Amino acid sequence: MKKQVVIVGGGPAGALLLHILHRAGIDAIVLERQTREYVLGRIRAGVLEWGTVELLRRHGLGARMDEVGTPKDTINIAWKGSELLSVDTHELLGKRMMVYGQTMIQEDLYAASDEAGTHLVFEAEDVALHDIDTDSPWITYQHDGTEVRIDCDYVAGCDGFHGASRPTIPASIRREMIKEYPFGWLGVMAETPPLPMLMYANHERGFALCSSRNANLARLYVQCPLDDTVDDWSDDRFWDELFARIPPEQAAQITPQPTIEKSIAPLRSFVSEPMSHGRLFLAGDAAHIVPPTGAKGLNLAVSDVHYLSESLIAAFNGNPSGLERYSEIALRRVWGAVRFSWWLTGLLHRFPDQTDFDQRAQEQELLYITGSEAAQRSLSEQYVGLPFEDVVTA
Ligand code: RFL
Ligand code: PHB
């Protein structure tokens with residue numbers, strides 16, 4: 001088989017790249033290790049930057065998002081038990097966010113692929129990349145017990161943190177930087193009306209977050225020790241802990257219901273440089289991970305795909321400048337989000353060795369942001385998302 005682009009991984013990054021390339025007349029294929037149902041069953045991100053919203057609309061993926069997504073104008077941070085800092089990004093910058101679940105974006109992408117008849121292979125096992133540092137890379141994988149070979153012009157590694165693409169970049173060239181945080185997030189979904197606002201909480205007992213998926217579906221998180229398992233967290237314990245960490249006024253607005261999903265995720269920051277090697281280009285979690293505090297992971301996957309799709313389309317039209325600059329341009333935005341997510345994680349969590357001094361310093365920073373429009377603008381500008389650069393030059 002011959003394709004112009006082979007995309008490894010059919011998560012949001014891979015499926016979006018397939019969609020954009022197909023609309024530009026480029027023949028691409030996605031190889032996804034899991035089943036379609038498994039990918040659609042993962043509950044992950046919820047907050048979209050406005051640049052992500054506009055990009056999805058531009059590529060014909062905005063209809064359901066605009067119908068059922070919830071635009072948000074403010075970032076809210078509860079602290080010291082009952083203080084509430086509310087930063088209006090729309091008032092300050094004219095930009096807002098959209099709450100729309102990653103699961104729904106994934107459904108929209110697979111529906112678009114069904115409609116366009118694009119090539120998405122599920123349960124592709126043992127995907128292996130060959131000759132990526134030559135002009136004729138090729139891919140092999142197992143499907144239904146048979147080995148398949150695809151020759152291609154370019155390979156897009158969109159296969160997440162544990163994928164097969166990144167390790168094919170020689171270790172002598174690859175620079176991996178990792179920061180692990182000494183806690184995780186316990187996340188639950190509950191069929192109960194969510195708070196009308198997106199609210200983070202800094203509390204002596206630990207971080208908490210109240211988000212939503214729709215008018216009767218709350219998405220809630222509490223910081224927990226890394227070695228906890230979901231069995232340590234009965235529903236009663238979860239609700240007690242959440243209500244202890246958020247202001248009483250907001251706690252009174254949430255009616256506890258049995259949870260319908262419960263999972264624990266560790267928090268880490270990770271960047272692998274460069275994001276390209278020969279004919280391989282990494283995008284999304286394959287190249288970088290951020291702790292979820294800044295709501296940046298999915299948005300970065302989308303911005304990488306924006307840069308990569310523009311670069312590939314130009315290259316097939318005879319202008320390789322974008323592909324040459326892809327890693328450098330994408331990494332600038334990645335590091336912006338990595339730094340912001342690290343900073344917000346440090347500001348809002350309780351660290352195991354945290355002293356009263358550290359707690360008071362965090363509270364002082366929140367007090368400073370409360371009183372400073374400059375600080376609120378800085379927070380807003382990063383939360384709503386940095387602008388895209390031009391990756392292709394004339
Ligand atoms: P994904 O989603 O991991 O998809 C990679 C796909 O590749 C497949 N794969 C392979 N396929 C073939 N061969 C192999 N060898 C393969 N190895 C892996 C996998 O099966 C998978 O389908 O990466 P992608 O596409 O880069 O997308 C990244 C996002 O999923 C991720 O960054 C976000 O979910 C992070 N994130 C959030 N991001 C936001 O922008 N806003 C948020 O509010 C937000 N909240 C979150 C989050 C992530 C969370 N967890 C669970 C980590 C909240 C949580 C709790
Ligand atoms: C979510 O809605 O799942 C969510 C919201 C904000 C975050 C992380 C996750 O920072």
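This is a predicted model: local features need pLDDT of at least 70, side-chain atom pairs count only at pLDDT 80 or more; totals for chains, interfaces and linings use all residues.
Which handedness does the crossing of H1 and H9 have? The crossing is right-handed.

**Stop 1: ligand 1**

Select ligand 1 and show the residues around it. There are 32 of them, and those that come nearest are Glu 32, Arg 42, Gln 102, Asp 285 and Leu 298. Sorted by class, this shell holds 15 nonpolar, 10 polar and 7 charged residues.

Start with Asp 285, where an N or O atom of the side chain is 2.7 Å from an oxygen atom of ligand 1. Next take Arg 44, which has a side-chain N or O atom 2.9 Å from an oxygen atom of the ligand. Then go to Pro 12, where the backbone provides the contact: one of its N or O atoms lies 3.3 Å from an oxygen atom of ligand 1.

Switch to a surface view. On its own, ligand 1 has 1,100 Å² of accessible area, and the protein covers 88% of that. Color by secondary structure, and select helix H1 (12-23) and helix H9 (297-316), the elements that give two or more residues to the shell. H9 contributes the most, with 4 residues.

**Stop 2**

Keep H1 and H9 selected and hide the rest. Their axes come within 9 Å and cross at roughly 30 degrees. With that angle, H1 is roughly parallel to H9, because angles under 35 degrees count as such. The right-handed crossing from the opening question is the one in view here.

The axes of H9 and H10 come within 10 Å, and the crossing angle is roughly 170 degrees. That angle is over 145, so H9 is roughly antiparallel to H10. H9 passes H10 in a right-handed crossing.

**Stop 3: ligand 2**

Select ligand 2. It is surrounded by 13 residues, with Tyr 200, Ser 211, Arg 213, Tyr 221 and Pro 292 the closest. The shell is made up of 7 nonpolar, 3 polar and 3 charged residues.

Which residue has a polar side-chain atom 2.6 Å from an oxygen atom of ligand 2? Select Ser 211 to see that contact. Tyr 221 also reaches the ligand through its side chain, with an N or O atom 2.6 Å from an oxygen atom of ligand 2. At Pro 292, look at the backbone instead: a polar atom there is 2.8 Å from an oxygen atom of the ligand.

Ligand 2 has 280 Å² of accessible area on its own, and the protein covers 98% of it. Strand E14 (208-214) and strand E15 (217-224) are the elements that supply two or more residues to this shell. E14 gives the largest share, 3 residues.

**Stop 4: two backbone details**

Select Glu 273 and Pro 274 and display the backbone atoms. The peptide bond from Glu 273 to Pro 274 is cis, with omega near -5 degrees. Pro 274 sits in the loop between strand E16 (259-273) and strand E17 (276-277).

Finish at Asp 126. Where is Asp 126 found? The residue is in strand E9, which spans residues 125-130. Asp 126 is not a glycine, yet its phi is positive, at about 50 degrees.

Technical notes: Residues are numbered from 1 along each chain as its sequence is written. Chains are lettered from A and ligands numbered from 1 in the order in which they are written. Side-chain values use heavy atoms; hydrogens and water are left out. A residue is near a molecule or strand if one of its heavy atoms lies within 4 Å of it. A polar contact is a pair of N or O atoms within 3.5 Å; within protein, one must be able to donate a hydrogen and the other to accept it, and residues adjacent in sequence count only if both atoms are side-chain atoms. Accessible areas come from the Shrake-Rupley method with a 1.4 Å probe; for residues, only the protein chains shown count as cover. Ala, Val, Leu, Ile, Met, Phe, Trp, Tyr, Cys and Pro count as nonpolar, Asp, Glu, Lys and Arg as charged, and the others, Gly among them, as polar. Axes are lines fitted to C-alpha atoms, for helices over the stretch in contact, and angles run from 0 to 180 degrees between N-to-C directions. Angles under 35 degrees count as roughly parallel, over 145 as roughly antiparallel, 65 to 115 as roughly perpendicular and the rest as oblique. A crossing is left-handed if the near helix is turned anticlockwise from the far one by less than a right angle, and right-handed if clockwise.
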